[in-house]
Amino acid sequence: MANSLVKTSTRVPKMVVFDLDYTLWPFWVDTHVNPPFHKSGDGKVVDSRGCVVKYYPDTPKVLKYLQDKNIGISVASRTGETDGAEQLIQLFGWNKYFENKQIYPGSKDTHINKISKKCNIKLDEMIFFDDEQRNIVDLERLGVVSILVKNGMTMPVLINGLKTFSDIRSNV
């Protein structure tokens, strides 16, 4: 009986939105790596100099977990290296996870509002993960539960973020 009470009071977001740089991968795509990217003979993703490009170790687990829970996933990145970011998402095999991608210079307000409109999901049904405090502040002003990511996405960061979302939205 206690479990059923917990389940009815747990709120889950309809959409999780991630920043890319220093959130899903440990670099700025427009500064620290050199596009174009490709897969090497051993299947590793490398940049134009032959340097291996890696994402945070938990990123695939985080994306798969959300997909398995039928929670929508989108990306909001203000990078100017749009082609490089798209190329990495494709090479990492992540396109299957993302319902919407807003990757271009500009404000996260614009990104999140476009995701909201295109996916028909209200801002208060979303949670946003980013490594920059200014973006967290901007989206919290819009009513989006926003989580500061300090050392890249991990499963504990995701689970704690989902708990924060549930706690905030269950008290509304």
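Student: What radius of gyration would a compact globule of 172 residues have, and what does the protein chain have?

Tutor: The rule, taken over C-alpha atoms, is 2.2 Å times the number of residues to the power 0.38. For 172 residues that puts a compact globule near 16 Å, and the protein chain has 16 Å, so the two agree. Its C-alpha trace spans about 55 × 35 × 25 Å along the principal axes. Keep in mind that this is a predicted model, where local features need pLDDT of at least 70, side-chain atom pairs need pLDDT 80 or more, and totals for chains, interfaces and linings use all residues. Residues are numbered from 1 along each chain as its sequence is written, and side-chain values use heavy atoms, with hydrogens and water left out.

Student: Which strands form the open sheet, and what makes two of them partners?

Tutor: Partners need at least two bridges between them in DSSP. The sheet has five strands in the order E5-E4-E1-E6-E7, with parallel pairing. E5 (100-103) and E7 (145-148) are at the edges, each with a single partner strand, so one side of each has no neighbour in the sheet. From one strand to the next the twist averages 20 degrees. Take E1 (residues 15-18) and E6 (residues 126-130): they pair in the parallel sense over four bridges, and Val17 has Phe128 in E6 as its bridge partner. On the other pairing, E6 and E7 are also parallel over four bridges, with Asp130 opposite Leu148 in E7.

Student: Which helix packs on the sheet, and how do you know that it touches?

Tutor: Touching is contact, meaning heavy atoms within 4.5 Å. Helix H6 (residues 155-170) touches E6 and E7, and its direction makes about 140 degrees with that of E6. Such angles run from 0 to 180 degrees between N-to-C directions, with axes fitted to C-alpha atoms, for helices over the stretch in contact. Among contacts between residues at least 6 apart in sequence, 67% join residues at least 24 apart.

Student: Why is E6 called largely enclosed?

Tutor: Count its buried residues, where buried is under 20% relative accessible area, exposed over 50% and partly exposed in between (1.4 Å probe, protein chains only). Five of the five residues of E6 are buried, so the rest of the structure largely encloses it. Met126, Phe128 and Asp130 point one way, Ile127 and Phe129 the other, and all are buried. Over the protein chain, buried residues make up 44% of the 172.

Student: What makes Trp25 and Phe27 an aromatic pair, and why is it called stacked?

Tutor: Ring centres must lie within 6.5 Å (the six-membered ring for Trp), and planes under 30 degrees apart count as stacked, over 60 as edge-to-face, the rest as tilted. Trp25 and Phe27 are 5.3 Å centre to centre with 5 degrees between the planes, so the pair is stacked. Trp25 is buried at 0% relative accessible area, and Phe27 is buried at 6%. The structure holds eight aromatic pairs, and Trp25, Phe27, Tyr55, Phe92 and Trp94 form one cluster.

Student: Which residue other than glycine has phi near 55 degrees, and does it count as buried or exposed?

Tutor: That's Asn120, whose phi is positive. Asn120 sits in the loop between helix H4 (108-119) and E6, and at 71% relative accessibility it counts as exposed. Most residues other than glycine have a negative phi, and most peptide bonds are trans. Tyr22 also has a positive phi, about 60 degrees; its relative accessible area is 27%, so Tyr22 is partly exposed.

Student: What joins Pro35 and Pro36?

Tutor: A cis peptide bond, with omega about 0 degrees. Pro36 lies in the loop between E1 and strand E2 (38-39), and Tyr22 is placed in the loop between E1 and E2.

Notes
Helices (H or I, at least four residues) and strands (E, at least two) are DSSP runs, numbered from the N terminus.
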